[in-house]
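Please take the sequence and the model together and follow the explanation below from strands to helices.

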Amino acid sequence: MAGDKDRSYAHSDDDIPLAAGAQGREWQNHQQRRPLIDMVTNEWQKNFHSDSDDDDFFYAEKRNWYTPAVITLLVHSSRRVPRRVQRTVCIGLGFLVAAWLGWRWLLQPYWHEQSSFAQAVSGSARWGVYGSNARPSFDDMVHVKQLDPSLLPGSAADNQRLVFVGDVHGCKDELVDLLAKVNFHPTSDHLILTGDMVSKGPDSPGVVDFARDMQASCVRGNHEDRVLLTHKSLKMALADANSSKTLSEDEVRNAGAKKDKNLARSLNGKQIEWLQQCPVILRVGTLPGMGQVVVAHAGLVPGIELERQDPYQVMNMRSVDLETKVPSEGRDYAPWDKYWNFFMSHVPNPDNRVTIVYGHDSKRGLNIRKHSRGIDSGCVRGGKLTALVVEADPKGGPVQQSIVSVKCKDYKNKDKAGAKKKDVKGQAQLEEEY
Ligand SMILES: [Mn+2]
């Protein structure tokens, strides 16, 4: 084959006749008629000359730029560039990459978020105004309550403090520890619980009794709501049973999940009554440096009167659809607290700005912003129990605020180990429900 011969020629310049063997003469003549370059018979040369135009194009594409010649050139030229210049170029390139990443992952999302908040605040309501629809009022639920002004810090001679505590979830020992840590005095300090005082943890009735003893204020969390609704349906089912009516399967099922039923049964009349008087929203009043202060378990939609907030969402929201202002208990939309803070920072009169103290979002954890204080730090699942302590400034300036917390035992994982054996699916559902 021609290829074999070519290769043997390429092998050595001196031995052309020998390598050509029997066909030496013919090749010698042929060789003399050809330019010297044609003797270079590597792959590149062969393909370049023998194939059609299309293939040329194809092979040209396939050739790598980093041929030995190019690499030699690069190495030589880089040796000629001073080290300092090389370093500067490297640092410059690194800086450019960092700047691009910073823009792409930090600044751009932030800018996008801020402009969508601005649009939500100033834009016209495309789908009507959220909160303007009439809702039925619930006669067994307090929607908004006003805190007694005499309980505000600085309202009396003795140094009164407000102590807000996040989701206790039946962790009575930790609540007692936390109040001891902040040196709580029931006569001069006032305790405000941000909801979800009961359920999940070891001693829900104990927490309610303790809160009653302390004459604490509270708001209704999603767990109080469930327990109270379950209690109500149990009572109704019992009344039906007493009126010698047999319960239908639906009535039994609708009386609530087993855990809620057990919890509702574990609470006595006084404890249920106390939970019942917890409002969905507690108006604390105006505190210097904090503006108006409001407590709600999960959140509020800014720009909507407290009386017009959807009670279910106040106990459950995590995000808000900026286009419709409709809150959601999922995280599919903008975090409500970020929108809240953007909105409040754009209220012209500082006296009209509202600071909200809330719990509910233990996954997000402690979340302190200018106009919001998220203080659920996941006590019942082995996190911390957190207090926000608000104290009057002796000189009449802005109130002093501090965060104090205690470590909690992991009650939920202890329960989980036992529950897993019994009902894996049920536990997965409970995980989702918070
Ligand atoms: Mn909650």
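In which sense, parallel or antiparallel, do strand S2 (residues 161-165) and S13 pair? In this predicted model, S2 and S13 pair in the antiparallel sense, and five bridges hold the record of that pairing. Within it, Val-163 stands opposite Val-389 of S13. Strand S13, which spans residues 384-391, also pairs with strand S14 (residues 400-407), again in the antiparallel sense and over eight bridges, and here Val-390 is found opposite Gln-401 of S14. S13 is mostly covered, since six of its eight residues are buried.

A further group of strands can be followed next. Six strands make up an open sheet of mixed pairing, and their order is S1-S5-S6-S10-S12-S11. At the edges are strand S1 (144-146) and strand S11 (367-369), each of which pairs on one side only, and from one strand to the next the twist averages 20°. Strands of a sheet pair through backbone hydrogen bonds, in either a parallel or an antiparallel manner. Strand S10 (residues 354-358) and strand S12 (residues 372-374) run parallel and are joined by three bridges, with Arg-373 in S12 as the bridge partner of Val-357. Helix H15, formed by residues 336-345, packs on this sheet, where it touches S10, S11 and S12, and its direction makes about 160° with that of S12.

H15 also meets another helix. The axes of H15 and helix H7 (residues 83-122) come within 10 Å and cross at roughly 65°, and the crossing is right-handed. On the H7 side the contact involves Gln-114, Phe-117, Ala-120 and Val-121, which meet Tyr-339, Phe-342 and Phe-343 of H15.

The last stop is helix H9 (residues 204-213), whose buried residues are Ser-204, Val-207, Val-208 and Ala-211. Why do these residues lie on the same side of H9? They do so because they cover an arc of only 100° around the axis. Just after H9, Gln-215 takes a positive phi of about 55°.

Note on methods. Residues are numbered from 1 along each chain as its sequence is written. This is a predicted model: local features need pLDDT of at least 70, side-chain atom pairs count only at pLDDT 80 or more; totals for chains, interfaces and linings use all residues. Two strands pair if DSSP finds at least two bridges between them. Helices (H or I, at least four residues) and strands (E, at least two) are DSSP runs, numbered from the N terminus. Axes are lines fitted to C-alpha atoms, for helices over the stretch in contact, and angles run from 0 to 180 degrees between N-to-C directions. Two residues are in contact if their C-beta atoms, placed from the backbone, lie within 7 Å. A residue is buried if 20 or more other C-beta atoms lie within 10 Å of its own, exposed if 12 or fewer, and partly exposed in between; C-beta atoms are placed from the backbone. A crossing is left-handed if the near helix is turned anticlockwise from the far one by less than a right angle, and right-handed if clockwise. The arc is that of the directions from the helix axis to the C-beta atoms.
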